[in-house]
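Q: I have a model open here and would like to talk through the ligand site. Could you take a look with me?

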Amino acid sequence: MNAKIAVLPGDGIGPEIVKQALKVIEAVNRKFGHSFEYSHHLVGAAAIDATGNPYPDETHEACMQSDAVLFGAIGHPRFDNDPSCKVRPEQGLLKMRKELGLFANIRPVSTFKSLIHKSPLRTELVDGVDFVVIRELTGGIYFGEPRGRSENGETAFDTCVYSRFEIERIGRLGFEFARKRNKRLTAVDKANVLATSRLWRETMQRLAPEYPDVELSFMFVDNAAMQLIQWPKGFDVIVTENMFGDILTDEASVITGSLGLLPSASTGIHTSVFEPIHGSYPQAAGKNIANPVATILSAALMYEYAFHAMDEGKAIREAVEASFTEGIVTVDLAGENKSFSTEEVGDWIAGRI
Ligand code: IPM
Ligand code: MN
C-alpha cells in the first residue's frame, strides 16, 4: 500500500509525540511492506506565529490531498490567559474539523492489564473496561451562532444548535458501532433542561426501530459523569454531543491511568484525522518526558479506520502492551520505578514491531 500522510505536529509536546508515532509507523510499514509519503504542515500557535492564521490554507489543501492526517496537539499558555486576543490556536483545530467535515470523533476507552494498578479507581472497577465514546464534533455550542458579547461588554453568549440531520448522522454511527460490539448504545444528553437535547432524544428514538438488535438507552450527562467512575464497565457505546463528549472523555481517561493513553479518530466527509485526546502540555514541551502512547495508538486507529489494515493496528497495540509489561513507560506511569523518555518509549515500541 502507498499513501500520503499529512503530518500536523502543532504546539507544545506535539512535535515530540508525533515524531515517536512516525517511528512506529515506519516500523509497521517495513514489516508489512507499505510506503507512506509524508508532508509536514503548520497548525495552532506555530501557524499563528508564522502566518497569522491557526489553520492556513496551505495546511488545509495538504490535508485535502492526503489519505490521512496525523495530528499532535495545539494550545499555548500565552493565549490562555489573554481573553481579549483575536486569534487562538484552538480555532485552528476547530476550523480543521469544520472544513474537513469531521463530524464524528471516535474515542475508544479500554484498560491495559499491566497498568490496572495505575488507575485511581479500584481494580475490580476498571479491569475489563472497554467502551467507545462517539462524540459529535462539528456542531453544538462549539460552533453555534450567535456568539460573542453584548454592546456594553457586560454580557456574553454562546449558542448551542443541532439540526435533526446532524443528530441522525452521528446517531446512525452510534448504532452501527453498537451493532459491531455488545449492542448497547447509551445516548447522553441533558433533555430535562436543553431543547437541543430533546431533539437528540426524539431523533434517536425515531432511529431505534431501524436497529432492533441494539438496545438503546438514554442518560443525563450529569448522571453519566457519575456512572463513568462508579461503574465504567456498564458502558458499551456512548453517543453524545460535542461538549458533553469533550468533558466525558477527559474524565474517562482517568479510568485508564493516564490522559497520555487515549487515542482518537475523527472521521466524516473528507480526510480523517488521528490525534491523541490530550492537549499540548506546554510545561513538558521540549523536555522529552511526555507520554507518546496516545499518539502511537492514534496511528493504530489510522491503519484501521483510514486503510482497513487491521493487522497493522494490532501490531502497534501489541507492542504498546508489551512496553507496559516491560515497564518501558514515561514518568506519568512510572511511579516509583525507573521512567523512560519520550524518545526511549518511541524507540522501544518501534523496535518491538
Ligand atoms: C479536544 C480538545 C479540544 C476540544 C480543544 C483543544 C479545542 O480539548 O480535542 O478534546 O475541546 O475539542
Ligand atoms: Mn478535550
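Q: Which residues surround ligand 1?
A: This is a predicted model, in which local features need pLDDT of at least 70, side-chain atom pairs count only at pLDDT 80 or more, and totals for chains, interfaces and linings use all residues. Residues are numbered from 1 along each chain as its sequence is written, ligands are numbered from 1 in the order in which they are written, and side-chain values use heavy atoms, with hydrogens and water left out. Around ligand 1 you find Glu-90, Leu-93, Arg-97, Arg-107, Arg-135, Tyr-142 and Asp-246, each with a heavy atom within 4 Å of the ligand.

Q: How many of the shell residues are charged, and how many nonpolar?
A: Five are charged and two are nonpolar, with no polar residues in the shell; here Asp, Glu, Lys and Arg count as charged, Ala, Val, Leu, Ile, Met, Phe, Trp, Tyr, Cys and Pro as nonpolar, and the others, Gly among them, as polar.

Q: What lies 2.5 Å from an oxygen atom of ligand 1?
A: That is a polar side-chain atom of Tyr-142, while one of Arg-135 lies 2.8 Å from a ligand oxygen, and an N or O atom in the side chain of Arg-107 is 3.0 Å from an oxygen of the ligand; a polar contact is a pair of N or O atoms within 3.5 Å. The protein buries 80% of the 320 Å² that ligand 1 exposes when taken alone, by the Shrake-Rupley method with a 1.4 Å probe.

Q: Switching topic, which residues does a cis peptide bond join?
A: The cis bond joins Glu-145 and Pro-146, with omega about 0 degrees.

Q: And what is phi of Asn-288 near?
A: Phi of Asn-288 is near 65 degrees, which is a positive value in a residue other than glycine.

Technical notes:
Polar contact = N/O pair within 3.5 Å; in protein donor to acceptor, adjacent residues only side chain to side chain.
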